[in-house]
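Let's walk through this model together, one question at a time.

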Amino acid sequence: MVAIDELGTLWDKLFSAQPDPPPLLVVVTAAVALAVVATRLPWRIARNAVTIAHEGGHALAALLTGRRLHGIRLHSDTSGLTLSAGRPTGPGMILTLLAGYVAPSLVGLAGAWLLGGNRITLLLWIAVALLLAMLVMVRNAFGVVSLLATGGVVLAVSWYASPDVQAAFAWTSVWFLLLGGVRPVVELQRLRSRGRMPESDADQLARLTPFPPLFWVALFALVNLLALAVGAALLAGPILTDAGLTV
């Protein structure tokens, strides 16, 4: 009976909606996330979270399209590599390559949808579960440490932090993924224009399809900007509600 009660308490903790955050919190967390993305050193550190989402996107797409996932590597220079086996051409390979650059923004959009319903704890626990699932496929020490550190921070916030701190952390993280998903696409094209990324996802996609690399870079940018626009509208819900409007 005690176990059932504990499960019921856990269920309520996971799926109950928290109160709307103050509109000021939404604005401040957006400003903090933008500052991190726009400034060199904070971006250099926080970019590891974007890389985790990027490689996770490759890995998930590979599994969903029937490819055999061999492993994921995360590096201290914020680069990463996901290895899978299967047909070197065809829809599976194309979707696997396509998923990387759009994954951070799409994860951010999913997070914004959860926060739009004030499911803060559920969002944090889903993040921990995804990081643990990804940990199984990581094949280098830095990747293991990076995932354990990231997951540990998220778990600690979800379990020990006050509701206000959880809200601030969740909104900042989701804003960061939405905004941070755009910058790597800009960096990708800048490096490509200098001839420094001949094996980028966009160049590999160009070799598999009739479309040039610039088409794929533009597609990455379009998807991520749309995710940012929709996600921002969802996250701005408390501001619109306070103003007597709805999303």
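Q: How do the residues of the lining of the largest pocket divide into nonpolar, polar and charged?
A: Ala, Val, Leu, Ile, Met, Phe, Trp, Tyr, Cys and Pro count as nonpolar, Asp, Glu, Lys and Arg as charged, and the others, Gly among them, as polar. A pocket here is an open set of points on a 1 Å grid over the protein atoms alone, where a 1.4 Å probe fits, with protein on both sides within 12 Å along at least five of seven lines, and lining residues have an atom within 4 Å of a point. This is a predicted model, in which local features need pLDDT of at least 70, side-chain atom pairs count only at pLDDT 80 or more, and totals for chains, interfaces and linings use all residues. Sorted this way, the lining has 41 nonpolar, eight polar and no charged residues.

Q: Which helix gives the most to the lining of the largest pocket?
A: Residues are numbered from 1 along each chain as its sequence is written, and side-chain values use heavy atoms, with hydrogens and water left out. Helices (H or I, at least four residues) and strands (E, at least two) are DSSP runs, numbered from the N terminus. Several elements supply at least two lining residues each, including strand 1 (68-74), helix 4 (91-116) and helix 7 (163-180). The most, 13 residues, comes from helix 3.

Q: What is the volume of the largest pocket?
A: Grid points are joined across faces, edges and corners, and a volume is the space filled by probe spheres set on the points. For the largest pocket, that volume is about 1300 Å³.  Its lining has 49 residues, and the closest to its centre are Ile-52, Ala-53, Val-107, Leu-131 and Leu-177. So the value to keep in mind, by this definition of volume, is about 1300 Å³.

Q: How many charged residues are in the lining of the second largest pocket?
A: The second largest pocket holds about 1000 Å³ of space. Of its 36 lining residues, His-54, Ser-79, Gly-80, Tyr-101 and Met-197 are the closest to the centre. Helix 3 gives the most here, with nine residues. The lining divides into twelve nonpolar and eleven polar residues, and the charged ones number 13.

Q: Which residues are linked in a network of salt bridges?
A: A salt bridge is a side-chain nitrogen of Lys or Arg within 4 Å of a carboxyl oxygen of Asp or Glu, and the count comes to four. Glu-187 and Arg-183 meet in one of 2.9 Å, N to O, and both lie in helix 8, four residues apart, about one turn of the helix. The network links Arg-47, Arg-183 and Glu-187.

Q: Is Glu-187 buried or exposed?
A: Buried means under 20% relative accessible area, exposed over 50%, and partly exposed in between (1.4 Å probe, protein chains only). Glu-187 has 15% relative accessibility, so Glu-187 counts as buried.

Q: Which helices hold Asp-203 and Arg-192?
A: The side chains of Asp-203 and Arg-192 meet in a salt bridge of 2.8 Å, N to O. The pair ties together parts that are eleven residues apart in sequence, because Asp-203 lies in helix 9 and Arg-192 in helix 8.
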